[in-house]
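Subject: Structure handover

Hi,

Here is the structure we talked about. Please open it alongside this email.

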Amino acid sequence: MPRAPQLHLLEHFAEHRPDLFRKKLRVNPEIFDDILDQISHHPVFHNQSNNKQLPVSIQLVIFLFRAGHYGNACSPEDIGQWAGVSVGTVVNCTHRIMAAILDQHDRFIYIPHVRSEEMRQARTFVESRTCHAWRNGVFAADGTSVNFHARPGMFGDAFYDRKSRFSLNCQVGLNVRLGMNAHLKCEGCNHDT
């Protein structure tokens, strides 16, 4: 039985139940508004087609809902049912929002100078909570699974994870000596990098 679209609930959640807004979109309503303000004027949202795009706010909702969920809950089909849009619309919204956000990268990603006081404090913090090998590390983000639609043709079983799906695990780290490192690897081998 198809579900009824739930987008109309978000406005109520933003005003009266921010905890439910966060549960659906993984950001506070104020952060949502800030992101929306920053990306709304991006050219990707303007076209000369007779078929108008959804408002940028709805596209951002669809993207954040998809990015904040995993498994079947993040499939284009389920998100389309949740939002009351087609699968193609979910995919197009995801692509447009990613393009707009990635164009803002240099404006919002700030890494202090290597010899700054902020960087010294970050290294001290990391050293106090990690192993010696990360002594000069500054930060790391680990654990984001990137799911495949289907089993990869080459070495497919190597990508089968503990949640019974085919995926890659994304890990990004910054080490003062080594610079920025980004790794995509099989789900089960976090310790190898």
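Below are the findings, starting with the overall picture and then going region by region.

**Ground rules.** This is a predicted model, so local features need pLDDT of at least 70 and side-chain atom pairs count only at pLDDT 80 or more, while totals for chains, interfaces and linings use all residues. Residues are numbered from 1 along each chain as its sequence is written, and side-chain values use heavy atoms, with hydrogens and water left out.

**Overall.** The protein has eight helices and three strands. Helices (H or I, at least four residues) and strands (E, at least two) are DSSP runs, numbered from the N terminus. The order along the sequence is α-α-α-α-α-α-α-α-β-β-β. Of the 193 residues, 32% count as buried. Buried means under 20% relative accessible area, exposed means over 50%, and partly exposed lies in between (1.4 Å probe, protein chains only). The accessible surface comes to about 12,900 Å². Carbon and sulfur atoms hold 56% of that surface. The areas come from the Shrake-Rupley method with a 1.4 Å probe; for residues, only the protein chains shown count as cover. Take the contacts between residues at least 6 apart in sequence: 48% of them join residues at least 24 apart. Contact means heavy atoms within 4.5 Å.

**Helix α3 (residues 29-39).** Pro 29, Phe 32, Leu 36 and Ile 39 are buried here. Seen down the axis, the buried residues of α3 fall within an arc of 100 degrees, so they line one face of the helix. The arc is that of the directions from the helix axis to the C-beta atoms. Glu 30 and Asp 37, on the other side of α3, are exposed. The buried residues of α3 pack against α1 (7-16), α2 (18-25), α4 (56-67) and α6 (87-102).

**Helix α5 (residues 76-83).** Its buried residues are Pro 76, Ile 79, Gly 80, Trp 82 and Ala 83. They cover an arc of only 160 degrees around the axis, which puts them on the same side of α5. Their packing partners are α1, α2, α4 and α6. Just after α5, Gly 84 takes a positive phi of about 75 degrees.

**Second largest pocket.** It holds about 250 Å³ of space. A pocket is an open set of points on a 1 Å grid over the protein atoms alone, where a 1.4 Å probe fits, with protein on both sides within 12 Å along at least five of seven lines; lining residues have an atom within 4 Å of a point. Grid points are joined across faces, edges and corners, and the volume is the space filled by probe spheres set on the points. α1, α3 and α4 each supply at least two lining residues. The largest share, five residues, comes from α1. Pro 29 and Phe 32 are among the lining residues.

- Asp 161 sits in the loop between β1 (137-147) and β2 (167-175). Asp 161 is buried, at 7% relative accessible area. Its side chain makes a polar contact of 2.7 Å with that of Ser 167. A polar contact is a pair of N or O atoms within 3.5 Å; within protein, one must be able to donate a hydrogen and the other to accept it, and residues adjacent in sequence count only if both atoms are side-chain atoms.
- Arg 120 is in helix α8 (residues 117-129) and is partly exposed, at 39%. Its side chain makes a polar contact with that of Glu 117 (2.6 Å).
- Ser 145 lies in strand β1 and is partly exposed, at 24%. Ser 145 and Tyr 70 are 75 residues apart in sequence and 8.7 Å apart in space, C-alpha to C-alpha.

Best wishes
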